[in-house]
Amino acid sequence: FHFQVLYFIIIKGKCPEDGWDESTIELFLHELAIMDSNNFLGNCGVGEREGRVVSGLVARRHYRLIHGIGRSGDISAVQPKAAGSSLLNKLTNSVVLDVIKLVGVRTVTSCFVVPMATGMSLTLCFLTLRHKRPKAKYIIWPRIDQKSCFKSMITAGFEPVVIENVLEGDELRTDLEAVEAKIKALGAENILCVHSTTSCFAPRVPDRLEELAVICANYDIPHIVNNAYGVQSSKCMHLIQQGARVGRIDAFVQSLDKNFMVPVGGAIIAGFNESFIQEISKMYPGRASASPSLDVLITLLSLGTSGYKKLLKERKEMFSYLSSELKKLADNHNERLLDTPHNPISLAMSLKNLDETNDAAVTQLGSMLFTRQVSGARVVPCGSVQTVNNYTFKGFMSHANDYPCAYLNAASAIGIKKQDVDVFLKRLDKCLKTFRKEAKQEESINDISDANTATEQLED
């Protein structure tokens, strides 16, 4: 055990190829914990923060790693009285960096786990850039209808400049000409950054990262990528790698829960310039919870690189299965699977006939699926309007003002099983058949009504 820890984790800073069993992981964590001063025999603490926990249940839940990570001025700094927690933090960042390289972004140089979800982590990136570009007040943002990434810019005190997507076939893609035109109109020095997106709901597809990275390099504008659940996609990670190779990407942010199946509450901020990533970590005020770091370290040690790669392979296989089966179902109901080949995770099926039959039917379908314990599927009606932080979005949730049809989303994310797909399709099919049956009954009633009206007219 000690050799394995020393070699893979401490010396190499890598995730082990084969996962460890639970008893080995627990022994490792207990050894880290006894390096923290609150666990020393005979320790005498006279400060206001001494790692005291009154509940034994809470202490055990955190493996007695109570001090958190970082110091008041730097989330990545070593805390002298919490050597074990500090080591855990350093090791987690090293292991996560190794995994990011493993799944496709080979030239990434630095990353750290931050105990905030993706939106607030993006805000931290924007606040760091503020000190480098004091005149800047705008963020160029190719539209994606997801509230947290929009609010991340507002919370940081910047003005989002929304770039509408262009429709190519069924796909919504980045309007590069509009991005460049807006940069020229506003002036590069007044733009904090371009805020692009990889993982997203179909029919929107990942932004044209390579082209955006080149534009950012040409105009000397920073580029922050929202890679929320993109780690699980080789396509998304390839886009980031290529963007960094041909142009400029300053940081990319990804969620822990979506990519590593741990509880919500953490994200990874990564990049290609180590000093800039360190600047972001120093921007975080105060110490931070060690829980997200602990969760992802335990998970990766239990999986190993072979286990994580197996999950990624299974996800990709399930995407193909979901795609083929959803297409069959769509054909059976006179709908179609939208053609979105550039989106490697999310799929969309049209609900055109449903929408034309009854204005409320699309949203009703969403309710029916939810009450039948189908979670994660999104139904998107045409023409909905929503205001977010005083910005009004027409066609909200569809990433466009006027998408041609209503649709339903389903995603093949890491951890999905064949049973999930089969049960979803069965319940969706049943719901759609209910609507068709109701539509036929209404049509029959209308036919009878029309016939009675015609008879009455003849009698008159």
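Me: How much space lies in the largest pocket?

Reply: Rolling a probe the size of a water molecule over the atoms shows where empty space is left. In this predicted model, the largest pocket holds about 910 Å³ of space.

Me: How many residues line the largest pocket, and which lie nearest its centre?

Reply: The lining comprises 39 residues, with Phe201, Ser375, Gly376, Ala411 and Ala413 nearest the centre. Two or more lining residues come from each of helix H6 (147–155), helix H10 (256–260), S14 and helix H15 (418–459). The most is given by H15, with 6 residues.

Me: How do the residues of that lining divide into nonpolar, polar and charged?

Reply: The lining of the largest pocket contains 18 nonpolar, 15 polar and 6 charged residues.

Me: Strand S14 contributes to the lining. In which sheet order does S14 stand?

Reply: S14 belongs to an open sheet of 3 strands, ordered S10-S14-S11 with antiparallel pairing. Strand S10 (346–350) and strand S11 (378–380) are the edge strands, each pairing on one side only. On average, neighbouring strands of this sheet are turned by 25° against each other, direction ignored.

Me: Over how many bridges do S10 and S14 pair?

Reply: S10 and strand S14 (residues 407–411) pair over 5 bridges in the antiparallel sense. Within this pairing, serine 346 stands opposite alanine 411 in S14. Ala411 is also among the residues nearest the centre of the largest pocket.

Me: Which strands does helix H12 touch, and across which strands does helix H14 lie?

Reply: Helix H12 (residues 291–332) packs on the sheet and touches S10 and S14, its direction making about 0° with that of S10. Helix H14 (residues 361–371) lies across S11 and S14 and runs at about 175° to S11.

Terms used: Residues are numbered from 1 along each chain as its sequence is written. This is a predicted model: local features need pLDDT of at least 70, side-chain atom pairs count only at pLDDT 80 or more; totals for chains, interfaces and linings use all residues. Side-chain values use heavy atoms; hydrogens and water are left out. Two strands pair if DSSP finds at least two bridges between them. Helices (H or I, at least four residues) and strands (E, at least two) are DSSP runs, numbered from the N terminus. Axes are lines fitted to C-alpha atoms, for helices over the stretch in contact, and angles run from 0 to 180 degrees between N-to-C directions. Contact means heavy atoms within 4.5 Å. On a 1 Å grid over the protein atoms alone, a cavity is a set of points where a 1.4 Å probe fits but cannot get out, and a pocket is an open set with protein on both sides within 12 Å along at least five of seven lines; lining residues have an atom within 4 Å of a point. Grid points are joined across faces, edges and corners, and a volume is the space filled by probe spheres set on the points. Ala, Val, Leu, Ile, Met, Phe, Trp, Tyr, Cys and Pro count as nonpolar, Asp, Glu, Lys and Arg as charged, and the others, Gly among them, as polar.
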